[in-house]
Amino acid sequence: MSKGQILIIDDEEQLRKLLGRLLSLEGYNILEAGNIKAAGKLLEKEDVQVVLSDVKLPDGNGVQFTSELKRLYPETEVIVLTAYGNIADGVQAIKNGAFDYLTKGDDNNRILPLVSKAMDKAQLQFRIRSLENKIGSKYDFGNIIGQSKEIKEAIAVAEKVAATDVTVLLLGETGSGKEVFAQAIHRASSRRSQPFVAVNCSAFGREILESELFGHKAGAFTSAVKDKKGFLEEAHNGTIFLDEIGEMAIELQAKLLRVLETQEFYKVGDSKPIKVNIRIIAATNRELEKEIEAGHFRADLYYRLSAFQIKLPSLNERSKDIPMLAQFFLQQFAPKNGKKITGMTEAFSKALQQHNWKGNIRELRNVIERAVILSDATELDTDSLPFEFQFAGPASANNSSLTLADVEKQHIIRVLQFAKGNKTKAAELMQIGLTTLYNKIKEYNI
């Protein structure tokens, strides 16, 4: 198995072949190019971990080419070789991103260990890039599941704002996918290769959130034994996602407003401002206008944050997407739990669509995981759903339109729910015979 791929760029064919032979004996796969143009074509087609490039080439200079190569292929390491070494070229090569600069003849004993080190570094960088791509693709807009009009409209608006640097306020119920949207906006923006830092503002008390968000200087408070970077500093050049912004203490809102206006802040206990370049995406399930009226949220911060609002639909508003989402979670949890479950019955799917999803997608995910664990069949059926699903009526039922039979049916369902499915107890509570209850269950298809 090859130890990695190396491209040798040198117009002296004999020297190129000799160096290639030496490196191939060490287990590397070797590519060769006599000039920069040929090297560029090979780099377009092949993953090359290390490039060994001469300085004087027929169509350019290897030191200058290093800069362009690192711009296009930042994970690839470049070692510049020359027969006429000088300090100025060496310094410039390193400035342009070269791993090292060697003089032919004088440094022959250094080539193999240096190539080995460059290869290790490049392969690590390739692995990191691969992992980043895998993680990043998970949050692309294309991976947001749903065909309903409501979710498509939200995605279309988010895609448009992603290309800008505008502050975004995501509105929606708990579990409606606000962080998934924030990640997707970041991934589709020019900041995609920079950090994405997510902070749940409701997870910290005021003082801890201030320290975590803005950082602190050593000695700022009793337990501050050393300087600490805050989330804002960690997100420099990237995006910070402030979830549950409505929970932030009003004293901190003033500090956050300053960040939005000046891109500057002070660490706790520090007197020097820190400049950052960040995009802010905030989210809340609260009605911030009412919070402003109640004196819990600053109006000026609200208007800065809500430069661009996106309302995410709740799961109840996009019930058409529920079977698709359920199938997605089923495909995740079945292999994880060693189950060969391939689908769900129509009754199971219907019960999901009739449920009132207060916890939205997060609740649906938990219900499917529970059903997968409980089921021994190849299809999920209603017997693997929580009890309230098996006897639930439509979430949008309008009581004023119910007939007498409908009222009786709903009453029986509610009593069965109260009795946790115990029909004997339900019959006692309704003061009817058990046989009558069974007949009613059959009659109303409960």
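1. Leaving aside neighbours within four places in sequence, I245 is in contact (heavy atoms within 4.5 Å) with L169, C201, L256, A282, A283, T284, L288, F297 and L305. Apart from the core described in the next point lies another one, of 24 residues, which includes I322, A326, F329 and I368.

2. The largest nonpolar core holds 30 residues, and those with the most contacts inside it are I240, L242, I245 and I280. Two or more residues each are given to this core by strand 8 (168-171), strand 9, helix 8, strand 10, helix 10, strand 13 (279-284) and helix 12 (299-305), with helix 10 supplying the largest share, 5 residues. A nonpolar core is here a set of buried Ala, Val, Leu, Ile, Met, Phe, Trp, Tyr and Cys residues joined through side-chain atoms within 4.5 Å, where buried means under 20% relative accessible area, exposed over 50% and partly exposed in between (1.4 Å probe, protein chains only).

3. On provenance, this is a predicted model, in which local features need pLDDT of at least 70 and side-chain atom pairs count only at pLDDT 80 or more, while totals for chains, interfaces and linings use all residues. Residues are numbered from 1 along each chain as its sequence is written, and side-chain values use heavy atoms, with hydrogens and water left out.

4. The protein chain contains 19 helices and 16 strands, taken as DSSP runs numbered from the N terminus (helices H or I, at least four residues; strands E, at least two). Its radius of gyration is 31 Å, whereas a compact globule of 446 residues would have one near 22 Å; the radius is taken over C-alpha atoms, and the globule rule is 2.2 Å times the number of residues to the power 0.38. The C-alpha trace spans about 105 × 55 × 40 Å along its principal axes.

5. Of the 446 residues in the protein chain, 42% are buried. Among contacts with a separation of 6 or more, 68% are accounted for by residues 24 or more positions apart.

6. In helix 8 (residues 206-214), the buried residues are L209, E210, S211, E212, L213 and F214, and they pack against strand 9 (196-200), helix 9 (231-234), strand 10 (239-243), helix 10 (250-262) and strand 11 (264-266). Just after helix 8, G215 adopts a positive phi of about 80°.

7. K228 is placed in the loop between helix 8 and helix 9, and it counts as partly exposed because its relative accessibility is 30%. Not counting residues up to four places away in sequence, K228 touches E212, G215, H216 and K267.
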